[in-house]
Amino acid sequence: SAAFFVASLIHVPLGPSSVHLVLNGLLGVLLGWVAFPAVLLALFLQAILFQFGGLTTLGVNTFNMAMPGVICFYLFGPLLRRGGPLVPIGGFLTGSVSILLSGVLVALDLALTGEGLINAAKLILVAHLPVMAIEGIITAFILSFLRRVKPEMLEVAR
């Protein structure tokens, strides 16, 4: 929750949404389904303390951020737990795919809200492309580090 909270505090407003680091793939790989209450808590605190997101969108934002992390838990968790030289690749994919899925979910939310927000949905998807790369690199480094110094952390959610 703390990593998610801090990473997403630094954001760039973009139309009806914002672009920022999330670390939801990392959260998902480490926590599995427990990523949902962790994300909910962090988003709630951001809404209360900094007026980011808001209480009325808390449910949809929690789903949009936590579900991609849980999907990455199932997709890349076994690869990361196995260890070896594929950990950085699995970490990069975890970070990138989680952001891609979150961007797609946010874009779908906007597009399904009304025809007037379809251009904003497209903009959100395009804006998430550089974030995917950055998040992938950061997640790869973090998971490689954890695999070396505290490999049992990757076993917690098993």
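Reader: Which hand does the crossing of helix 3 and helix 4 have?
Author: The crossing of helix 3 and helix 4 is right-handed, meaning the near helix is turned clockwise from the far one by less than a right angle. Helices here are DSSP runs (H or I, at least four residues), numbered from the N terminus. This is a predicted model, where local features need pLDDT of at least 70 and side-chain atom pairs 80 or more, while totals for chains, interfaces and linings use all residues. Residues are numbered from 1 along each chain as its sequence is written, and side-chain values use heavy atoms, without hydrogens and water.

Reader: And at what angle do helix 3 and helix 4 pack?
Author: About 140 degrees, with the axes 9 Å apart. Axes are lines fitted to C-alpha atoms over the stretch in contact, and angles run from 0 to 180 degrees between N-to-C directions. That angle makes helix 3 oblique to helix 4 (under 35 degrees is roughly parallel, over 145 roughly antiparallel, 65 to 115 roughly perpendicular, the rest oblique).

Reader: Switching topic, where is the kink in helix 4?
Author: At Phe76, shortly before Pro78, and the kink is about 55 degrees. The bend is the angle between axes fitted to the seven residues ending there and the seven starting there.

Reader: What comes after helix 4?
Author: Gly83, with a positive phi near 85 degrees.

Reader: Which residues does Met67 touch, beyond its neighbours within four places in sequence?
Author: Trp33, Phe36 and Thr62, where contact means heavy atoms within 4.5 Å. Met67 itself lies in helix 4.

Note on methods:
Helices (H or I, at least four residues) and strands (E, at least two) are DSSP runs, numbered from the N terminus.
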